[in-house]
Amino acid sequence: MSYKQTRRDVAVADEYLASHMACRVCHVHVQCDELSAFGAQCKACYDAYCADAPTRNPAPRTHAQRKALLNGMALQSTGGITTDQAGTVARRLRALEAAGMRLTDGQLWVLSRCEAKAGMSAE
Ligand SMILES: [Zn+2]
């Protein structure tokens, strides 16, 4: 490689590096204008970031949020079974509990909703 060719290659590389930088997320070299527009990340990483943003109805994350959601659903779902059915389910779950079975959180929730529906608890 001649000196002239080397100088040309260096000039091309310098020109490229002057206008391109690495994305802070994926480290791919993109034009500085793109990095400026999307918060130091490439368009692909920015789109992925936006797709991960919270929606209007984000999934419940805390225990209190999940409980509020379940209680809201319970108001709808317990309307679908009769008071007798709710009482039967509650008695079965209480019998399992009395037989020594440890009820799961879901079973305890069903138990509380069915007892409330059947008027077996003060809720
Ligand atoms: Zn990127």
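The model is a predicted one. The chain holds six helices and two strands, and its domain assignment gives two domains, domain 1 (3-51) and domain 2 (63-118).

**Overall dimensions**

- The C-alpha trace of the chain spans about 95 × 30 × 20 Å along its principal axes.
- The radius of gyration of the chain is 31 Å, whereas a compact globule of 123 residues would have one near 14 Å.
- Between the C-alpha centres of domain 1 and domain 2 there is a distance of 58 Å.

**Order of secondary structure**

- From one end of the sequence to the other, the elements follow the pattern α-β-β-α-α-α-α-α.

**Packing of helices H5 and H6**

- Two packed helices are described by the angle between their axes and the distance between the axes.
- Helix H5 covers residues 83-98 and helix H6 covers residues 105-118.
- The axes of H5 and H6 come within 8 Å and cross at roughly 140 degrees.
- Angles over 145 degrees count as roughly antiparallel and those from 65 to 115 as roughly perpendicular, and H5 and H6 are therefore oblique to each other.
- The crossing of H5 and H6 is left-handed.

**Residues in the H5 and H6 contact**

- On the H5 side, the contact involves Thr83, Ala86, Gly87, Val89, Ala90 and Leu93.
- On the H6 side, the residues that meet them are Gln107, Val110, Leu111, Cys114, Glu115, Lys117 and Ala118.

Note on methods. Residues numbered from 1 in each chain as written. Predicted model: local features only at pLDDT ≥ 70, side-chain atom pairs only at ≥ 80, totals over all residues. Domains from an automatic or database assignment. Axes fitted to C-alpha atoms, helices over the stretch in contact; angles between N-to-C directions. Helix = DSSP H or I, 4+ residues; strand = E, 2+ residues; numbered from the N terminus. Parallel < 35°, antiparallel > 145°, perpendicular 65-115°, else oblique. Left-handed = near helix turned anticlockwise from the far one by under 90°. Contact = placed C-beta atoms within 7 Å. Rg over C-alpha atoms; globule rule 2.2 N^0.38 Å.
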